[in-house]
Amino acid sequence: MNMKEYIDEAEAALLHTYNRYQIVWDKGDGMYLYDIEGKKYLDFVAGIAVFALGYNNKAYNDALKAQIDKVIHTSNYYYNIPAIEAAKKLKKISGMDRIFFTNSGAEAVEGALKAARKYAFLRDGHTDHEIIAMNHSFHGRTFGALSVTGNPHYREAFEPMIGNVKFADFNDFESVRAQVTDKTCAIIFETIQGEGGIYPATQDFIKQVRALCDERDILLILDEIQCGMGRTGTMYAWQRYGVKPDIMTNAKAIGCGVPVGAFMMTEHVAQHSLTSGDHGTTYGGNPLACAAISKVIDLFEEQDILKNVNETGAYLYEKLDALAAKYDGIKAHRGVGLMQGLECEEAVSGVINKAVEKGLLLINAGTNIIRFIPPLIVSKADVDNMIAIVDACFAELNEG
Ligand SMILES: *Cc1c(COP(=O)(O)O)cnc(C)c1O
């Protein structure tokens, strides 16, 4: 079958919840993806900040194959070595104390919210606790995660959400404080807002929220699903702020393509929240998923991924700054490490579509922002190649 025939079959069988690019993938290698007609694409999307190690990493593939030949799944009624290894390594890189493995980011958020409610319940026995979340946030599509997602467009048709969620403005401490009551059990935000447009938390904001949480015994939940796992040059984005969350969520790059997530907490929260029978999952933490996490963390160290993020991230920053200075249509440039965005005057779908034609994958964040979230193995030469294409796209659109 050719590409068009596959796409027609997909559209006949799959629920129409996505507007997909007209590409059917065959395989990937390093920074490149290849479609079934052999066209090669430089990838600055990484499967939405997932494939940190690049495609077809041999050591990673071999680790998965070895685990497949041993055992793929056994359930949480028993222990398995990959989960033990993965949990130990996650504790080490995060400094958190206890891990619960999930299958996705949204589920990690669900678990974090449940832990926060249970913590407050054990403290005062009430069942009307409130959560404060941020406008323009994104935490996932399940009901709990959607309820703390500050984008009414995603929520509207599915109301009512879970109750007692209040929204404040990100990076505006007074707006957060104004929402706090005696019932507040948690404040949740992304350390760097991803889908909302690549907005890093300011140092003041995060410190002030942390202090407020300490003062009122409110749990700080940081969503690191997109900005975590090395993307900003530290294993977790919060690590550069000198604060620590009580609960954090992780997913996307943690398994580098195997669907997995985790929520992690301090010992104090663990001792005063979820306990036997409170939460569970059939697949979460299965041997195959955890073999992936375990190998990903090893390879981050062996390949010195953070060093590359810091070096190539700084280079990307310079180059995008230069591009922003060159075109009036680019309003702002933001981001850290390999999570950056260009905010444009107009919708960016035109630029992105042109880039795709020229063999470069990019994605938007909102309608006006181009998001740059490449695999973390990206080189300066890859950045140069990407910039040349984006430059050409802007130039052509300016002429047109
Ligand atoms: C992607 C994302 C999620 C949801 O993760 P899924 O695996 O798609 O459920 C939650 N929070 C943030 C910040 C994300 O970027």
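I began with helix H12, residues 305-326, which has 22 residues and reaches 31 Å from its first C-alpha to its last, close to the 32 Å expected at 1.5 Å a residue. I note here that the model is a predicted one.

**Entry 1: H12**

I listed the buried positions of H12: Ile 305, Val 309, Thr 312, Gly 313, Tyr 315, Leu 316, Leu 320, Leu 323 and Ala 324. An α-helix has 3.6 residues a turn, so residues three or four places apart point the same way.

**Entry 2: H11**

I went on to H11 and checked its length. H11 has 16 residues, which at 1.5 Å a residue should span 22 Å, and I found its end C-alpha atoms 22 Å apart, so the two agree. H11 is mostly covered, with 12 of its 16 residues buried. I wrote these down as Pro 287, Leu 288, Ala 289, Cys 290, Ala 291, Ala 292, Ile 293, Ser 294, Val 296, Ile 297, Leu 299 and Phe 300. Their cover includes helix H3 (58-70), helix H4 (81-94), strand E4 (98-102) and H12.

I also looked at both ends of H11. At its start, a side-chain oxygen of Asn 286 comes within 3.0 Å of the backbone nitrogen of Leu 288. After H11 comes Asp 304, which has a positive phi, near 50°.

**Entry 3: Asp 391 in H14**

Is Asp 391 buried or exposed? I placed Asp 391 in helix H14. Its relative accessible area is 19%, and the cut-off for buried is under 20%, so Asp 391 counts as buried. Beyond its neighbours within four places in sequence, Asp 391 is in contact with Leu 323, Lys 326 and Tyr 327. I had already listed Leu 323 among the buried residues of H12.

**Entry 4: the ligand**

I looked up which residues surround the ligand and found Ser 104, Gly 105, Ala 106, Phe 138, His 139, Gly 140, Glu 190, Asp 223, Ile 225, Gln 226 and Lys 252. By class, this shell has three nonpolar, five polar and three charged residues.

A polar side-chain atom of Lys 252 is 2.6 Å from an oxygen atom of the ligand. A polar side-chain atom of Asp 223 is 2.7 Å from a ligand nitrogen. Gly 105 contributes a backbone N or O atom, 2.8 Å from an oxygen atom of the ligand. Taken alone the ligand exposes 380 Å², and the protein buries 80% of that.

**Entry 5: the loop between E11 and E12**

I found Ala 253 in the loop between strand E11 (247-250) and strand E12 (261-265). Ala 253 counts as buried because its relative accessibility is 4%. Leaving aside neighbours within four places in sequence, I recorded contacts from Ala 253 to Ala 49, Val 50, Ala 52, Met 229 and Val 296. Val 296 is one of the buried residues of H11. I also took the C-alpha separation of Ala 253 and Gly 30, which is 15 Å for residues 223 apart along the chain.

Cys 256 lies in this loop between E11 and E12 too. Cys 256 is not a glycine, yet its phi is positive, about 50°. It is buried, with a relative accessible area of 0%.

**Entry 6: other backbone exceptions**

Most residues other than glycine have a negative phi, and most peptide bonds are trans. I therefore noted two further places, in keeping with that general rule.

Ile 198 has a positive phi of about 60° and is not a glycine. I located Ile 198 in the loop between strand E8 (192-193) and strand E9 (199-200), and at 0% relative accessibility it counts as buried.

The peptide bond joining Glu 159 and Pro 160 is cis, with omega about 0°. Pro 160 is in the loop between helix H7 (152-155) and strand E6 (165-168).

**Entry 7: Gly 144**

What does Gly 144 touch, leaving aside its neighbours within four places in sequence? I found contacts with Glu 110, Leu 113 and Ile 162. Gly 144 is in helix H6, residues 143-147, and is buried at 4% relative accessibility. Its C-alpha is 22 Å from that of Gly 197, 53 residues apart in sequence.

Conventions
Residues numbered from 1 in each chain as written. Predicted model: local features only at pLDDT ≥ 70, side-chain atom pairs only at ≥ 80, totals over all residues. Heavy atoms only, no water. Near = heavy atom within 4 Å. Polar contact = N/O pair within 3.5 Å; in protein donor to acceptor, adjacent residues only side chain to side chain. Areas by Shrake-Rupley, 256 points an atom, 1.4 Å probe, with all protein chains shown as cover. Nonpolar A, V, L, I, M, F, W, Y, C, P; charged D, E, K, R; others polar. Helix = DSSP H or I, 4+ residues; strand = E, 2+ residues; numbered from the N terminus. Expected span 1.5 Å × (residues − 1). Buried < 20%, exposed > 50% of the residue type's maximum accessible area, 1.4 Å probe, protein only. Contact = heavy atoms within 4.5 Å.
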